[in-house]
Amino acid sequence: MLSRRIIFLLVVILLAVAFWVNPHFKEVSAGVAILLFGMIALEKGFKSLTEGPFKRLLQNATNRFYKSFTVGMVATAILQSSSMISVITISFLSTGLLALSQGIGIIFGANLGTTATAWLIASLGLKINISAMALPMIVFGVLFLFQKSNTFKAVGNVLAGMGFLFLGIHFMKEGFELYKEGIDLSQYAIEGWVGILIFVGIGVLITVILQSSSATMALILTALAAGQVSYFNALALAIGANVGTTITAILGALGTNAPGKRLATAHLIFNFMTAFLAVVLINQFVWIVQWISGIFNVSETDFTTQFAIFHTLFNLLGVIVLSPFVKIMVRFLEKYIVQKETRVEEPKFISELALISTQSARSALINESKNLFENASDILVEGLGLERKAILVDELSEKELELKRQSDISENYFYRVKNIYGKIIEFASKAQELSDDKEFIKEIYKIKQGNRYFVDAIKDVRQLQKNIYKFSTTDNEFINKEYNLLRVKISSLIREIMKIQSLETPSDKHPDITVEMTPEQVDASRAKLTKFLFKKSKDDLLFNGKVDVLIREKIISPQMASSLLNDSALTKSITKHLVKATELLYLDTDFLRDSNATVKTEDEDEEVLVENDAQDL
């Protein structure tokens with residue numbers, strides 16, 4: 001944080017000095033600032049208009065490389081921001097919405113799609129008087145921004161963004177023209193390989209500072225059009241800009257998980273390899289550009305169009321050369337970039353980057369909730385004295401019901417659940433601030449509440465565990481049998497929840513696609529859980545008279561009966577919490593509230609979720 005503030009202060013001081021030393025610098029820097037502001041507005045507008053369709057396209061493009069490549073290319077060409085596409089893709093990958101191979105396809109497509117900026121500026125921005133177009137666009141854009149409709153506001157951002165984009169290019173072009181009166185930057189051109197390497201470095205630096213390769217392209221093209229930079233040096237600057245744009249993705253991936261870091265690394269590898277090929281083959285590229293220019297009657301002095309052709313060619317070459325190695329790249333990245341192991345388990349899906357959109361935030365929370373349940377179910381099963389593999393079978397044998405070594409539930413909770421649960425609550429609270437949509441806010445509340453129920457189930461099993469180990473090992477076969485029944489009830493419900501979760505896990509045909517539950521599957525699961533609750537309510541030992549019979553016939557002692565009744569109530573509480581959590585997280589239905597009184601549970605009208613774990617295990 002301190003280093004960023006120092007860098008910001010240095011930039012402010014350098015700008016002030018530059019303004020004082022050369023007044024013409026104000027024209028260029030103002031043009032860059034206006035252009036960046038326009039790109040922000042343009043990005044915001046297009047994002048509002050296309051966010052839903054774009055997110056759906058991203059998810060539908062996960063089963064074929066060519067689909068993800070096409071989506072990345074088209075989306076970047078429209079949004080005019082490869083950095084934004086990269087960050088969104090990393091966030092989707094880190095939250096489980098995309099597979100690494102498809103994420104790489106989107107990144108490859110984004111690099112080719114970003115060449116649209118050079119074509120837009122070369123063919124339109126520098127060929128006509130765009131300032132005459134810019135001002136009406138800004139006026140109409142601002143007019144639309146004052147409307148209440150979100151669609152009108154999005155259109156306003158697009159119009160204003162395009163207007164400021166063109167106005168910024170106009171100011172940059174005018175600024176470089178004015179420079180000729182005082183200083184000719186082309187005098188500092190450096191030819192040969194030394195010049196290429198130096199200007200590649202300058203291109204990287206400019207893009208890192210501006211955090212936008214599109215802005216760097218606009219700066220290069222306007223300088224090239226004004227004759228302030230040589231053609232060869234401009235090509236080297238473009239190569240550097242391609243490398244510099246990876247910085248945004250890398251910064252975005254710093255706070256994410258291993259999948260996000262893998263994609264950022266893949267982005268870096270692709271851009272570095274593409275830049276290497278472009279530098280080594282730059283003379284051959286120049287010859288091919290001249291050949292293509294001759295075919296399409298592009299003037300020998302029209303360096304801006306030749307620049308756009310070059311920018312497209314070397315990005316296209318990178319895609320052609322590296323695409324066959326995607327599977328090898330995936331294996332390499334998955335082998336060497338792994339999640340850091342810690343004794344206290346960390347979240348696998350939630351990160352700051354996942355807050356980039358409501359969809360990635362929701363996906364992160366759902367997947368992290370599954371991760372929490374995986375850990376919670378282990379703790380629950382071990383607390384019941386069972387092995388995890390035992391509950392995967394429909395009927396538990398006597399051997400499988402034999403008590404295993406008693407686990408420390410409090411310790412396991414601390415290391416495996418508490419941190420993840422706390423991060424889920426913190427992340428969910430931030431996610432609710434992303435949107436004013438009441439349905440989304442309600443959905444996030446349900447996720448928080450569902451995870452709370454998992455934690456409550458662990459707390460109840462901890463209380464149950466002592467008597468399980470006390471009475472399941474006694475010589476009294478009747479009390480032994482009753483406690484085994486309690487264990488079977490809880491384990492059978494955990495097995496049912498696992499089955500429900502498996503309906504949402506990747507399919508065998510396309511292992512990278514998340515399959516949503518069909519309405520029929522939801523209804524079937526709902527019916528099973530309703531039947532389960534109804535059956536367990538009939539088994540309540542306090543009301544079915546079973547304990548009375550056991551006491552009268554002196555089969556069990558009053559102390560045993562008291563413990564059994566309390567533990568039967570605890571079992572009911574555990575099953576209630578697990579069912580409610582399953583309902584909220586996976587079935588998304590109010591069937592518990594709508595069902596008859598027999599299966600209703602207490603606390604149904606609870607509206608406030610205690611977000612801190614007040615009753616620490």
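# A tour of the helices and ring pairs

Start with Phe65, Phe108 and Phe270, which ring pairs link into a cluster. Rings of Phe, Tyr and Trp (its six-membered ring) pair if their centres lie within 6.5 Å; planes under 30 degrees apart count as stacked, over 60 as edge-to-face and the rest as tilted.

This is a predicted model, where local features need pLDDT of at least 70 and side-chain atom pairs count only at pLDDT 80 or more, while totals for chains, interfaces and linings use all residues. Residues are numbered from 1 along each chain as its sequence is written, and side-chain values use heavy atoms, with hydrogens and water left out.

**The whole chain**

Zoom out. The protein chain has 25 helices and zero strands. Both are DSSP runs numbered from the N terminus: helices are H or I with at least four residues, strands are E with at least two. Colour by accessibility next. Of the 617 residues in the protein chain, 51% are buried. Buried means under 20% relative accessible area, exposed over 50%, partly exposed in between (1.4 Å probe, protein chains only). Now the contacts (heavy atoms within 4.5 Å). Take those in the protein chain between residues at least 6 apart in sequence: 79% join residues at least 24 apart.

**Helix H3**

Select Tyr66. Tyr66 sits in helix H3 (residues 65–79). Its relative accessible area is 53%, so Tyr66 is exposed.

**Helix H4**

Move to Ile85, in helix H4 (residues 82–94). Ile85 has a relative accessible area of 0% and is therefore buried. Ile85 and Ile107 are 22 residues apart along the chain, with 7.8 Å between their C-alpha atoms.

Now select H4 from end to end. H4 is mostly covered, with 13 of its 13 residues buried. The expected span of a helix is 1.5 Å times one less than its number of residues. For the 13 residues of H4 that gives 18 Å, and the end C-alpha atoms are 18 Å apart, which agrees. Step past the helix to Gly96, which follows H4 and has a positive phi, near 90°.

**Helix H10**

Jump to residues 213–225, helix H10. The 13 residues of H10 should span 18 Å at 1.5 Å a residue, and its end C-alpha atoms are 18 Å apart, in agreement. H10 is mostly covered too: twelve of its 13 residues are buried. Among them are Ser213, Met217, Ile220 and Leu224. Gly227 follows H10, and its phi is positive, near 75°.

**Ring pairs**

Phe332 and Tyr336 both belong to helix H16 (residues 326–336), four residues apart, about one turn of the helix. An α-helix has 3.6 residues a turn, so residues three or four places apart point the same way. Phe332 counts as partly exposed, at 44% relative accessibility. Tyr336 counts as exposed, at 55%.

Next, select Phe373 and Phe454. Their ring centres are 5.0 Å apart and their planes are at 40°, so this pair is tilted. Phe373 lies in helix H17 (residues 358–383) and Phe454 in helix H20 (residues 438–471), so the pair ties together parts that are 81 residues apart in sequence. Phe373 and Phe454 are both buried.

Two packed helices are described by the angle between their axes and the distance between the axes.

For the contact, pick Ile366, Ser369, Lys370, Phe373 and Leu380 on H17, with Leu578, Leu585 and Tyr586 on H24.

**Last stop: Asn451**

Select Asn451, in helix H20. Asn451 counts as buried, at 0% relative accessibility. Leaving out residues up to four places away in sequence, Asn451 touches Ser369, Leu372, Tyr421, Ile424 and Leu585. Ser369 and Leu585 are also part of the contact between H17 and H24.
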